[in-house]
Amino acid sequence: MTLLVPVILSGGAGTRLWPLSREMYPKQLLALAGKLTMLQDTVTRLAGIAGAQPPIIVCNEAHRFTVAEQIRMLGMSASAILLEPAGRNTAPAVALAAFKAQQLDPDATIVVAPADHVIRDPRVFQGAAETAAALAEDGKLVTFGIVAHAPETGYGYIRRSEGAGPAYPVAQFIEKPPLDVATQFVASGDYYWNSGMFVFKAARYLAELGVFAPDILEASQAAFAAARSDLDFSRIDKSKFEKCRSESIDYAVMEKTRDAVVLPLDAGWSDVGSWSSLFDALPADEEGNVLQGDVMVHDTHDCYVHSTSRLVAAVGMDDHIIVETKDAILVAPKGRVQDVKDLVARIKKSGRSESSLHREVFRPWGSYDSIDNGERFQVKRLSVKPGGVLNIGSINYIDSLNPLA
């Protein structure tokens with residue numbers, strides 16, 4: 001029987017959700033839409049697909065221990081955790097996972113999903129994934145097209161060709177359109193939001209990659225072949241993988257292959273790509289507000305207010321995002337949240353650590369919180385897990401600036 005192997009892509013930085021999401025602790029590792037982190041929610045959702053094996057997870061080195069720990073907390077395991085030494089977009093990342101899946105079963109089918117999406121109706125998604133797996137048996141490369149309920153300008157679109165269903169030949173992939181064009185797309189009924197989720201045979205994907213992007217296939221294969229094991233992780237060879245060009249799976253394969261099909265999906269999906277999309281994905285109170293943490297509001301409407309460490313109060317606010325963490329506060333109109341990424345770039349350029357690190361930094365043994373510092377001193381609160389072992393000499397100022405120390 002062919003193995004069905006979920007592949008979870010967990011390499012994003014999620015800077016549009018700063019200050020909660022940061023380079024060294026991005027949104028997929030946070031519990032933004034429920035009790036589970038987005039990674040844990042994705043692992044659980046994919047495990048519900050009939051016949052699904054433990055997942056292959058592709059992440060970067062800085063997140064490896066947190067990824068492993070979050071899976072362990074679910075009482076689950078991974079088939080593999082592949083450590084990308086550099087970001088090269090989705091086409092090479094999926095190639096690495098496909099090579100690993102073929103080691104498990106040369107005829108494996110893989111279900112590719114980002115770690116940072118919200119799907120409100122997982123059973124609908126699981127049923128669609130099972131339908132897609134059957135299509136993959138016939139050599140199809142399936143992408144999920146999200147049924148568009150509004151003319152979103154923050155998503156790419158997929159135009160379908162005529163067909164009998166349940167999946168349709170892909171006619172065109174379209175980049176994020178302006179509002180008037182998106183409105184026409186939604187009205188036509190022939191366009192779907194591009195979900196970035198796929199189902200296909202590992203061998204079939206690699207074969208098409210060899211046809212349309214042979215340089216990516218060659219570089220990915222060389223890097224995977226030179227990988228070395230390190231505890232529970234597989235370290236992809238850095239020097240070989242850095243030679244691979246950066247390319248999305250859409251550009252590298254899906255736009256060129258004749259066997260791409262789009263399967264409509266209406267399951268309450270969101271890519272949570274901004275504070276406004278997170279707001280839309282969460283239930284609001286009678287005033288239209290989403291309030292999380294220690295928050296009090298008065299005469300405030302349609303706002304997202306998040307408190308991490310202290311009371312946050314708002315008066316007379318409408319359509320705003322307010323996010324408090326231990327070391328940073330963001331206040332922005334909902335209509336300007338796409339600019340948060342530019343703000344984070346400015347913070348990073350200025351040399352401030354808040355662009356990449358939280359005040360509390362997580363380690364395999366627990367965490368430490370830099371609660372105070374001055375010219376000749378620094379005070380840290382250590383939280384050590386039961387059985388955790390640490391080297392006190394490594395908990396110093398340099399460590400607070402170097403997340404890989």
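Student: Why does Glu286 count as exposed?

Tutor: In this predicted model, Glu286 has a relative accessibility of 73%. Exposed means over 50%, so Glu286 counts as exposed. The residue lies in the loop between helix H10 (275–281) and strand E14 (290–292), and Glu286, Glu287, Asp299, Asp302 and Asp318 form a negative surface patch.

Student: What makes the contact of Glu69 and Arg72 a salt bridge?

Tutor: Their side chains meet at 2.7 Å, N to O. The cut-off is within 4 Å, so the pair counts as a salt bridge. Both residues lie in helix H2 (residues 64–73), three residues apart, about one turn of the helix.

Student: Why is Glu69 called buried, and why is Arg72 called exposed?

Tutor: Glu69 has 19% relative accessibility, and buried means under 20%, so Glu69 counts as buried. Arg72 stands at 52%, and exposed means over 50%; therefore Arg72 counts as exposed.

Student: How do you know that strands E14 and E16 pair?

Tutor: Pairing requires at least two bridges. E14 and E16 have three bridges, in the parallel sense, so they pair. Leu291 stands opposite Val305 in E16.

Student: What joins Arg359 and Asp369?

Tutor: Their side chains meet in a salt bridge of 2.7 Å, N to O. Arg359 lies in the loop between helix H11 (340–349) and strand E20 (360–363), and Asp369 in strand E21 (residues 366–373), so the pair ties together parts ten residues apart in sequence.

Student: Why is Asp369 called buried?

Tutor: Asp369 has a relative accessible area of 3%. Buried means under 20%, so Asp369 is buried.

Methods:
Residues numbered from 1 in each chain as written. Predicted model: local features only at pLDDT ≥ 70, side-chain atom pairs only at ≥ 80, totals over all residues. Heavy atoms only, no water. Patch = residues over 30% accessible without salt bridge, like charges linked within 9 Å, V, L, I, M, F, W, Y side chains within 5 Å. Areas by Shrake-Rupley, 256 points an atom, 1.4 Å probe, with all protein chains shown as cover. Lys, Arg positive; Asp, Glu negative; His and termini not counted. Charge placed at Lys NZ, Arg CZ, Asp CG, Glu CD. Helix = DSSP H or I, 4+ residues; strand = E, 2+ residues; numbered from the N terminus. Buried < 20%, exposed > 50% of the residue type's maximum accessible area, 1.4 Å probe, protein only.
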